Amino acid sequence: MLGAGVNLIEVVRSLALAGVASAIVAPGRDAARLSRHATAITTWNWTDPRVASRDGELVERLAGYADRQPAPPPLLFTSDEALLFVCRYGEQLSQAFRFAIADSDTVETMVDKARFAALAERLGLRAPRTRVVEPWSGAPPADVSRDGFPLLVKPYRRDARWHEAVATAKKAVAVGSRRELADLWPRLATLAAPVVLQQSIPGPESRLESYHVYIDPAGRVAGEFAGRKIRTMPPAYGHTTALTIADTADVLEQGGELVRVTGLRGVAKVDFKRGADGDLYVLEVNPRFHLWHHAGALAGVNIPALVYADLTGTPRPAAMPVRPGVRWVHPRDLFAARAQDVSGWRWLRWAGGCEAKAFWAWDDPLPLIGAVVARIPRRR
C-alpha cells in the first residue's frame, strides 16, 4: 500500500477488519509503520519534491518486493502523489502487481482542476464556476469579478508549500473582493504553481457530503455508501476531523450517475456541497483510497476488502446493508468542537462513542503514539 498520514492508517485498519495485513510504502515517521497490521517495505517521502526525479528507483524497489511474493500482490494508493505514481508507471507496475484504477486519462482529468471543471460543464453537472490561474505570470485576471465574490482560492493540487506560502492551515481561502485577492496575490506567486479560483457555495462544512464507491472491472458497483462531514479544523475550509456515514438518497443517486457517465472504474470519492436551496453541487472526484473507508467498513461496506478480494481472486466479503450513523473522529476534533463552544468533557463523551478513531485502537495503540511523536520537530 502506498501513501502517508491518516489516509494510510485508516485503510490499513479497513483491511485488518477483513483479516488482511498490509505491506506499506510510507515516510520514515509515518504512524502506519507502527501498526501491528502493517509491515514497512520501504521508506518514501511522497511530499518531498525532490523524490519525483527518483520515481524509477521506487518502481525497482516495488518490483523487487513483488518478485519475492508467491503471487502478484495487490497495490493500493491513499494519496494524490501515490495515485499519480501508479497511473504514470502503470505499465511497468502491472507486470508485478494487481491494482484497480481508472484509465490514465480519467485519472489526470479528475486530478487536474481545470480539466475537471471543463468535464463538469460538458456533462451539464451542477458545479461551482472554476478557473485555473498562474499568479507568478501577472496580476489577478481583470474579469475575475464576473465569477462573483466571495471566491475560494485553492491549490491546484495538494501541496505542503500551500500552507507555508499562504500562512494558513486551511485547504482554501475565501476572498471577498478584488482588493483582498490582490493582497493575497504576491503570496500565491511564491508557490510557482497554478491556483484555483472557484465560486463559493455558502454554508458550513457540515454541508459537505460525499459518495464512495468501488466499480469492478465489469462496470458493476461492488460497494457504495454516502457520508457527511461533521466538523473540520480549521472550522472553515479545513481538514476533516469528524464525519458520519449516511445513506442519503440524492447523494447516492447523483454520485452513482456521475461515475456512470464518466465511465470510472476502481475506487472513487465524489465530493458535493449542499447549497442553501438544498441542491447538491459537485466539487471534485478523487479516484483513490482514503480515510472514510474505515468508518464505511464498520458500517458494513468494506471497499478496500472488496478490492483486495477481486485482485487476489478470493471471495468478496458478504454484502451488508449500510448502517448509517457510524462516526469517525480525529484527535484534533477537540479543537474544532471547542470552536463551536462544545465543552471538553462533552466532546470526550461524544468522541468516546465514535466507532472509528483516527490513529487509535485498543488492540493497536502504537500508531497514535507515532502520530504524536511525528508532530514533534526534529533538531537539524
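## Basis of the description

The model is predicted, so local features need pLDDT of at least 70 and side-chain atom pairs count only at pLDDT 80 or more, whereas totals for chains, interfaces and linings use all residues. Residues are numbered from 1 along each chain as its sequence is written, and side-chain values use heavy atoms, with hydrogens and water left out.

## Helix α11 and its ends

Helix α11 spans residues 303-312; helices here are DSSP runs of H or I with at least four residues, strands are runs of E with at least two, and both are numbered from the N terminus. Of the 10 residues in α11, 7 are buried, and the helix is thus mostly covered (buried means under 20% relative accessible area, exposed over 50%, and partly exposed in between, with a 1.4 Å probe and protein chains only). The buried residues are I303, P304, A305, L306, V307, A309 and L311, and what covers them includes the helices α1 (5-17) and α10 (292-298) as well as the strands β7 (208-215), β8 (221-233) and β10 (266-274).

At the N-terminal end, α11 is capped by N302, a side-chain oxygen of which lies 3.2 Å from the backbone nitrogen of A305.

Helix α3 (residues 80-88) packs against helix α5 (residues 104-111) at an angle of about 155°, with the two axes 10 Å apart, which makes α3 roughly antiparallel to α5 (angles over 145 degrees count as roughly antiparallel). The contact is made by L83, L84, C87 and R88 on the α3 side and by S104, V107, E108 and V111 on the α5 side. These residues divide into 5 nonpolar, 1 polar and 2 charged; Ala, Val, Leu, Ile, Met, Phe, Trp, Tyr, Cys and Pro count as nonpolar, Asp, Glu, Lys and Arg as charged, and the others, Gly among them, as polar.

## P204 in its loop

P204 is placed in the loop between β6 (195-199) and β7, and it is partly exposed, with a relative accessible area of 45%. The C-alpha atoms of P204 and A23 are separated by 38 Å, the two residues being 181 residues apart along the chain.

How values were computed: Contact means heavy atoms within 4.5 Å. A polar contact is a pair of N or O atoms within 3.5 Å; within protein, one must be able to donate a hydrogen and the other to accept it, and residues adjacent in sequence count only if both atoms are side-chain atoms. Axes are lines fitted to C-alpha atoms, for helices over the stretch in contact, and angles run from 0 to 180 degrees between N-to-C directions. Angles under 35 degrees count as roughly parallel, over 145 as roughly antiparallel, 65 to 115 as roughly perpendicular and the rest as oblique.
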